[in-house]
Amino acid sequence: MNEPENVPLLATRALVKRFGDQVVLADVTLEIPRGRVLAVIGKSGTGKSVLLKCLAGVLVPDGGEVLFEGRPLGSAAPDATGLCPADTPGAEALAAFRRRCSYLFQGNALLDSLTAWENVALPLEQATLLPKAEIRVRVTEALRRLELEADAGRYPAQMSGGMQKRLALARALVTRPEIVLFDEPTAGLDPVRRNAVFGLIAHAQREFGFTAVVVTHDLPEALAACDHLALLDQGRIRFSGTPAEFAATPDPVVAAFRDSPAALARDIASLRAGAAKPADYD
Amino acid sequence: MISALGQSSLRIVSEAGDLARFTVRGFYSAVGSRRLGRRLARAVYEQGVRCLPVILIVGTFTGLVLGLQAYHTLNRFGSAALLGPLVALTLVRELAPVLAALMLVGQAGSALTAEIGIQRNSEQIDALETMGIDPFGFLVAPRLLAALIVFPIMTGFFTLVGLVGGWLSACVLLPLAGNVYWASIDRAVKGADVAECMVKALVFGALTIALCCHNGFNAHRRTGATGARAVSASTTRAVVFSSIGVLAADYLITSLLV
């Protein structure tokens with residue numbers, strides 16, 4: 001924490017990621033200031049999750065770099081032989097980053113051979129030197145916060161999608177990380193739970209002061225809970241700013257995204273009124 | 001044609017090198033891996049205890065058939081008294097390590113390839129990495145170490161029930177004297193034969209479980225298949241290559257030790 005305040009905790013510089021001929025991230029430059037919650041929004045398939053995986057070092061960028069406290073991160077992703085090179089430049093920075101970072105996967109990525117309790121305890125048991133008693137306290141607390149205490153002995157396959165999401169969230173927060181990368185933390189949740197998860201992220205952020213990047217499609221919740229928004233479009237950051245700036249920008253792509261609920265409401269109202277279909281639908 | 005042959009050779013050498021690096025990394029990652037004992041116990045249970053019934057059944061029938069065939073063949077030459085050594089040496093030096101390894105690959109190896117492949121596909125391995133947990137130490141090391149424990153023990157069980165199967169054939173169903181059978185085995189089987197058996201079991205264990213782990217770990221890299229099909233293709237490949245590997249390694253070890 002001795003880094004200068006003007007150096008962003010996490011940043012990308014001209015990040016490029018391709019899968020075969022498909023360019024998913026064309027040129028992504030983004031800064032994530034310390035202690036802020038950044039929501040990354042955009043249409044499906046625009047590379048939001050890919051960006052998050054590049055930030056976490058799970059995917060290796062084809063160009064550009066990810067900077068953690070101003071230093072480039074290496075990659076521990078397996079090479080062509082399936083091995084994870086430990087001696088690549090920046091690997092040490094990546095290891096340090098991972099000790100301070102948590103990642104909530106879109107598909108939860110819970111270990112299906114472990115119970116809920118064991119899943120939450122896993123990062124503490126395997127990646128920290130905490131005593132058993134402390135681990136027990138932290139895991140109990142994490143499960144209690146996510147209303148999963150009664151399900152501690154159940155396996156992920158015995159849980160609903162929403163419960164699995166909450167379990168993954170408990171595992172992501174139990175290490176009290178400095179950075180949390182959330183990949184659609186509310187996917188598959190009902191509106192009440194969705195709001196609860198965003199509330200939990202906001203409260204946990206306030207309590208622990210972590211920096212968060214939240215990939216989401218839930219615009220109203222993101223506007224309410226996040227300090228900063230970035231809109232990813234065609235592999236580039238189309239907009240980056242505060243919720244107030246997001247509400248005010250005249251950019252047509254941002255406006256289309258921002259105003260889509262109102263456009264839908266108008267469309268439905270016109271249908272109910274028996275009006276002709278909008279020209280866009282033909 | 002020469003170019004294609006050269007490319008195939010290079011690919012085989014490259015894959016063998018990858019497997020060797022993977023295996024060394026797998027064993028090395030056991031050093032410093034936390035709570036390895038619990039995962040090792042689970043791997044021993046899955047590779048050993050759960051495979052014990054099939055080992056006992058196949059071992060018994062192998063001994064029964066061996067005893068039956070050998071008795072009638074040796075009897076033609078008036079050498080039925082040599083049945084014990086023939087059954088014992090065939091089992092100890094060849095059939096027990098090879099057949100036990102093939103059975104273990106079929107049951108435990110295929111299961112662990114599929115399990116690791118699914119963990120790869122569902123991002124569980126990526127999740128381990130993001131939590132700062134070495135997936136090699138967590139997933140591969142306990143299975144490799146378990147193979148070094150389980151394969152020799154299972155080979156021992158296979159040999160014992162095979163000998164009993166041979167005794168059932170020759171001494172219970174056929175008229176050979178039981179004391180002749182057991183006494184001749186005791187005289188014929190030397191320490192070097194048992195050592196060869198154990199060397200084979202250890203090599204087959206490390207080779208096949210490394211192959212199975214490697215295929216599961218790289219299920220997402222399979223060309224021409226994704227998702228569940230990639231897992232099934234990796235599992236098939238692991239079983240086929242492990243079976244070939246066992247037979248090839250058996251010939252190599254036998255030619256070195258015989």
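Reply: Glu147(A) lies in the loop between helix 4 (132-145) and helix 5 (161-173) of chain A; helices (H or I, at least four residues) and strands (E, at least two) are DSSP runs, numbered from the N terminus. The model is a predicted one, in which local features need pLDDT of at least 70 and side-chain atom pairs count only at pLDDT 80 or more, while totals for chains, interfaces and linings use all residues. Residues are numbered from 1 along each chain as its sequence is written, and chains are lettered from A and ligands numbered from 1 in the order in which they are written.

Most residues other than glycine have a negative phi. Glu147(A), although not a glycine, has a positive phi of about 55°. Because Glu147(A) has 13 C-beta neighbours inside 10 Å, it counts as partly exposed; a residue is buried with 20 or more other C-beta atoms within 10 Å of its own, exposed with 12 or fewer, and partly exposed in between, the C-beta atoms being placed from the backbone.

Arg176(A) also is not a glycine and has a positive phi, of about 50°. This residue is found in the loop between helix 5 and strand 7 (179-183) of chain A. With 16 other C-beta atoms within 10 Å, Arg176(A) is partly exposed.

Strand 3 (residues 37-41) of chain A has five of its five residues buried, so the strand is largely enclosed by the rest of the structure. On one side Val37(A), Ala39(A) and Ile41(A) are buried, and on the other Leu38(A) and Val40(A). Strand 3 of chain A runs parallel to strand 8 (residues 211-215) of chain A, joined by four bridges, and Val37(A) has Ala212(A) as its bridge partner there. Four bridges also link strand 3 to strand 9 (residues 228-233) of chain A in the parallel sense; pairing requires that DSSP find at least two bridges between two strands. In strand 9, His228(A) is the bridge partner of Leu38(A).

As for the partner chain, 18 residues of chain A are in contact with 21 residues of chain B, contact meaning that the C-beta atoms, placed from the backbone, lie within 7 Å. Helix 2 (91-99) and helix 3 (116-127) of chain A each supply at least two residues of the side that touches chain B. Helix 3 gives the most to that side, with five residues. Chain B has nine helices and zero strands, and 47% of its 258 residues are buried.

Terms used:
Two residues are in contact if their C-beta atoms, placed from the backbone, lie within 7 Å.
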